[in-house]
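Below are some notes on the model, as numbered points. Please read them beside the coordinates.

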Amino acid sequence: MLSFWEKNTFLNYDYIIIGSGIVGLSTAASIVEKNKKAKILVLERGLFPTGASTKNAGFACFGSLTEILSDLKVMPENQVIDLVNERYNGLKRLRKRLSDKASDYRQHGGYELITEKELPALEQLETINDLLKPSFKHEVYELKNKKVNSFGFDKESIKALVFNSFEGQIDTGKMMQSLLLYVQERGVKVLNHCEVSHFEEIESNTKVKVYVKNQLSNEQVGFSAKKLIVCTNAFANQFFSDLDITAGRGQVLITEPIKDLKFKGTFHFDEGYYYFRNYGKRVLLGGGRNLDFQAENTSEINTTEKVMNQLEHLLKTIILPKQEVSIAHRWAGIMAFGADKKPILQFHTPNILVAVRMGGMGVAIGSQVGEQASKLILEN
Ligand SMILES: Cc1cc2nc3c(=O)[nH]c(=O)nc-3n(C[C@H](O)[C@H](O)[C@H](O)COP(=O)(O)OP(=O)(O)OC[C@H]3O[C@@H](n4cnc5c(N)ncnc54)[C@H](O)[C@@H]3O)c2cc1C
């Protein structure tokens, strides 16, 4: 049972955001940067954000050469370029907002490992550089084949390396922790263990009421706001069953520190289905959704033997051949995909905005989607 004081003080807001991933927190940050007095509540079902934002690999990336080429097969050229620009602008916004020190941002650059089957992509390297030149004012992709040897990769499988000096890496935990602190310092209230069951428009559609079950008393508590922003990414179908969203699991492992680790940077492999990076002297490796799409299109947050075995195999044969490696930790997170790579940013009703489906590059585009969401909701 709520007290008079709780009802009076804790339940009413200007804006409620569901989901405290990078999109939910960036939306809160962008609103409060424009309106210091806004009363904002973020409701998060987990002890921590429990989707992708605290589970990811920390690539500050906007697309590898083969990813861009594969997008060009299914999307118009201007949309592919827009998407790359949005990701890059999102990264710039994130870095400016939090500072590189706070997210431990390091610009070691990114590389794509080219095997026999991707060699034809190199013929289009110049074309893609020309397409991106208006935004980056510089060649984005260049060949660095000598590094295959100095990085210690398997020379039989890796035929070339494409370098991208604009790519960086962050410490995902530090980034999300400082984003949380950033909004809390500006008066945003973030409540954890608050799973929203449903919401409804009330008072002739001038307010939205959002319901959470109180874990202790089992009663439904209704929070009210003028506007609601739903930032639940892969879990948005709970509220909107008609959205084109497929949950996709990402599995990751990280090694113990490796004595003579020969590389630094972020690495893409097999059209982005595998990715690895250094984290200090450790190697973080993830991917393998393409081994079994049916099994990996799930919102179950657990690892599987099939994917983990393949990750370990790649680690020992291609990335760190002939080296002693032991695995320190493994985990999984859930992404949101659709027929289109563009995020979904649309009004459900004039008071309810949906900002979901970040795909596999939400670190990059998340802050930009939050900014766009804030503009839409403040203008509406
Ligand atoms: C393993 C892995 C590696 C990745 N690597 C990278 C990378 O290197 N670079 C990159 O750019 N991107 C990467 N991504 C993708 C990126 O992490 C996501 O695109 C991004 O984090 C999505 O952010 P979000 O805020 O939209 O979603 P989420 O972080 O999933 O946040 C949604 C939140 O909503 C909450 N929620 C859901 N339902 C409810 C409810 N009913 N009530 C209350 N709260 C609710 C969830 O608990 C969750 O915290 C990776 C993802 C994974 C899984």
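**Notes on the predicted model**

1. Asp 260 sits in the loop that links E12 and strand E13 (266–269). Helices (H or I, at least four residues) and strands (E, at least two) are DSSP runs, numbered from the N terminus. With a relative accessibility of 53%, Asp 260 counts as exposed; the classes are buried under 20% relative accessible area, exposed over 50% and partly exposed in between (1.4 Å probe, protein chains only).

2. Residues are numbered from 1 along each chain as its sequence is written, and side-chain values use heavy atoms, with hydrogens and water left out.

3. The protein chain has 11 helices and 18 strands. Its radius of gyration is 22 Å, close to the 21 Å of the globule rule for 380 residues, so the chain is as compact as a globular protein of that length. The radius is taken over C-alpha atoms, and the rule is 2.2 Å times the number of residues to the power 0.38. Along the principal axes, the C-alpha atoms fill a box of roughly 70 × 45 × 40 Å. Of the 380 residues, 54% count as buried.

4. Which residues come nearest to the ligand? Of the 40 residues around the ligand (a heavy atom within 4 Å), they are Glu 44, Arg 45, Thr 50, Ser 53 and Phe 59. By class, this shell holds 21 nonpolar, 15 polar and four charged residues. Ala, Val, Leu, Ile, Met, Phe, Trp, Tyr, Cys and Pro count as nonpolar, Asp, Glu, Lys and Arg as charged, and the others, Gly among them, as polar.

5. Polar contacts are pairs of N or O atoms within 3.5 Å. An oxygen atom of the ligand lies 2.8 Å from a backbone N or O atom of Thr 50. A ligand nitrogen atom is 2.9 Å from a side-chain N or O atom of Gln 238. For Gly 362, a backbone N or O atom is 3.1 Å from an oxygen atom of the ligand. The protein covers 99% of the 1,000 Å² of accessible area that the ligand has on its own (Shrake-Rupley method, 1.4 Å probe).

6. Elements giving two or more residues to the ligand shell are helix H2 (22–34), strand E12 (246–255), strand E16 (327–337) and helix H11 (362–379). Since 13 of the 18 residues of H11 are buried, this helix is largely enclosed by the rest of the structure.

Note on methods:
Predicted model: local features only at pLDDT ≥ 70, side-chain atom pairs only at ≥ 80, totals over all residues. Polar contact = N/O pair within 3.5 Å; in protein donor to acceptor, adjacent residues only side chain to side chain.
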